[in-house]
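Colleague: I am new to this one. Please take me through it term by term.

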Amino acid sequence: MELFRIRRTIPFMNYSLVLNLISLVMFLLAIFFIATRGFNLSIEFTGGTIMEVAYEQPADLEEVRSKIASLNYRDYQVQNFGTSRDVMIRLPVVEGISSAEQSQAIMNVLQQSDNPVEMRRVEFVGPQIGDELYINGLKAFFFVVLGIMIYLAFRFEWKFAVAGIFANLHDVVIILGFFAFFQWEFSLPVLAGVLAVLGYSVNESVVIMDRIRENFRKQRKASVREVINSSITQTISRTVITHGSTQMMVLAMLFFGGPSLHYFALALTIGIWFGIYSSMIVASSIAMWLGVKREDMIKAPKADENTTEWVEG
């Protein structure tokens, strides 16, 4: 399916060196910020108090947040779960204050509302559980990366596989670099967003690499650079349809999903745009510089061993 067709091939590879130098700088900066600033981990990873309260009428989440903020809390989360009357509150660990004291103080300010509220559950998440979630999240991330590497290694010729792996790691590291630099809250939903971007980005890379392989068979007189340029140009319409529709959904979550979905949608937004860029420029450029050629895509026919060659004397 094509929304439009570009008749003239765009020479993307003519600018590959400059664009990849920019990518390299951003990649190194991201690593620097991750190493020096670290992540602003959420309560799931650091531990804290989880409260579940129920209102008689639909809860005004902004009012709940303002009341909690009046107690000088900064790193907290408020979101609906189940129904609009049920609210989950996550509070960070505060030295010298027990979980029971925290929950009682929160209930005191919440009960000042015209909408009656009652406590349903209070649970303390210790730092050890947070560390376990953090470690399990890292394991999930590395298993996904390993799975993608194995898939690309079997799916493509090794030069394409290496290019795809570098392009996908490029996207993930830059997303993490944004979160480290701006100290945006890194939570389990954000980790899920990063894992989603990995799959999303590899799908775009596979589409472009498949088109390059197909065009190597069709455009026999074209150079490698020309084949890559035409392949990227031919997939632009598909890219606009796929990523445009996905981005509309993500923007809806970003602007209307509230604080609980804000950073998840933000990670997806960064990943979608950098995924397009890396698949079109980074992966294709690396494959070209590794020396991918037509012979890598089209295997020479094997000689029939049973064929007897007769020579007339």
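**Cores and sheet**

Modeller: The largest nonpolar core holds 55 residues, and Leu152 and Met280 have the most contacts inside it. This is a predicted model: local features need pLDDT of at least 70, side-chain atom pairs count only at pLDDT 80 or more, and totals for chains, interfaces and linings use all residues. Numbering runs from 1 along each chain as its sequence is written, and side-chain values use heavy atoms, without hydrogens and water.

Colleague: Why is this called a nonpolar core?

Modeller: A nonpolar core is a set of buried Ala, Val, Leu, Ile, Met, Phe, Trp, Tyr and Cys residues joined through side-chain atoms within 4.5 Å. Buried means under 20% relative accessible area (1.4 Å probe, protein chains only). The 55 residues form such a set, so the name applies.

Colleague: Which element gives the largest share of this core?

Modeller: H10 does, with 16 residues. Helices are DSSP runs (H or I, at least four residues), and strands are too (E, at least two); both are numbered from the N terminus.

Colleague: With which residues is Leu152 in contact?

Modeller: Contact means heavy atoms within 4.5 Å. Leaving aside neighbours within four places in sequence, Leu152 touches Ala161, Gly164, Ile165, Asn168, Val202 and Val206.

Colleague: What makes S3 and S4 a pair?

Modeller: Two strands pair if DSSP finds at least two bridges between them. S3 and S4 have five bridges, antiparallel, so they pair. Val78 stands opposite Ile89 in S4. The open sheet has four strands, in the order S3-S4-S2-S5.

Conventions
Buried means under 20% relative accessible area, exposed over 50%, partly exposed in between (1.4 Å probe, protein chains only).
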